[in-house]
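I opened this notebook to record what I looked up in one structure. The entries follow the order in which I consulted it.

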Amino acid sequence: MVRKHVTGPFVLPIRDIIHRSGEMREHSIDVPAPAKWGEGLVSVAEGEPVVVEVRLESVHEGILVSGEIDTEYTGICSRCLIDIAEGLQVEFQELFAYPGEEEADFEVQDDHVDLETLVREAVVLALPFQPVCQPDCPGLDPVTGERLADNAGSQPREPLDPRWAALQDFTTNHDDEAPRPRG
Ligand SMILES: [Zn+2]
């Protein structure tokens, strides 16, 4: 298949190492995320800097691509719902096979490799499914709905049994329904 798309933020040239087993090149990529990556509580925002240190090694079957991604995700804490922003580092290694050589998820395209899909998938897989603002975030007060971490010295509480919560509502409502001064 002829591909005309040869430019892109994650496209690296391999002309000088193609079919030269043992040759190795290193690249640094520093580009804004081309789109929002991730659909969960946290994601890498479009435009967020994505830094990738890449090593390209020419091997018999193709180009072995390895390296580390460094970026930042933003979103909300899964327990207390405040905004959070955390650094994210992800290591990866994938083979970009020569076309027709063997079954592979990624292929060398003419004289380059395009790492965008690889980098995006590695980042999305590394995003926490239940992100927290701090490892021991106590979440929200089950009664008041306030963020417990805001109250210094407060202890994390067991979630209230719904039946007790109902009783507490009853008690509160009862107080609220005390006769009011008549105007
Ligand atoms: Zn939290």
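**Entry 1: confidence.** I note at the outset that this is a predicted model. I looked up the mean pLDDT of the chain and found 85, with 78% of the residues at 70 or more. I then turned to residues 170-178, where the pLDDT is below 50. Where pLDDT is low, the predicted coordinates should not be read in detail.

**Entry 2: nonpolar core.** I asked which residues have the most contacts inside the largest nonpolar core. They are Ile 63, Val 65, Val 113, Val 119 and Val 123, in a core of 23 residues. The elements that contribute two or more residues to this core are β4 (49-59), β5 (62-76), β6 (83-97) and α1 (116-126). I listed the contacts of Ile 63, leaving aside neighbours within four places in sequence: Ile 14, Leu 56, Glu 57, Ser 58, Phe 96, Val 108 and Val 113.

**Entry 3: strand pairing.** I checked β5 against β6 and found antiparallel pairing over 15 bridges. Within this pair, Leu 64 stands opposite Leu 95 of β6. The two strands β5 and β6 form a hairpin, with six residues between them. I next checked β6 against β7 (residues 106-107), which pair in the parallel sense over two bridges. Here Ala 97 has Glu 107 in β7 as its bridge partner.

**Entry 4: helix α1.** Which residues of α1 are buried? I found Leu 118, Val 119, Ala 122 and Val 123 to be buried. Seen down the axis of α1, the buried residues fall within an arc of 125°, and they therefore line one face of the helix. On the other side of α1, I found Thr 117 and Leu 125 exposed. I also looked up what covers the buried residues of α1, and the cover includes β4, β5, β6 and β7.

**Entry 5: positive phi.** Leu 81 lies in the loop between β5 and β6. Leu 81 has 14 other C-beta atoms within 10 Å, so I record it as partly exposed. For Asp 110, also not a glycine, phi is positive at about 50°. Asp 110 is in the loop between β7 and β8 (112-114). With 13 other C-beta atoms within 10 Å, Asp 110 is therefore partly exposed.

Key. Residues are numbered from 1 along each chain as its sequence is written. This is a predicted model: local features need pLDDT of at least 70, side-chain atom pairs count only at pLDDT 80 or more; totals for chains, interfaces and linings use all residues. pLDDT is the predictor's confidence in each residue, from 0 to 100. Two residues are in contact if their C-beta atoms, placed from the backbone, lie within 7 Å. A nonpolar core is a set of buried Ala, Val, Leu, Ile, Met, Phe, Trp, Tyr and Cys residues joined through C-beta atoms within 7 Å. A residue is buried if 20 or more other C-beta atoms lie within 10 Å of its own, exposed if 12 or fewer, and partly exposed in between; C-beta atoms are placed from the backbone. Helices (H or I, at least four residues) and strands (E, at least two) are DSSP runs, numbered from the N terminus. Two strands pair if DSSP finds at least two bridges between them. The arc is that of the directions from the helix axis to the C-beta atoms.
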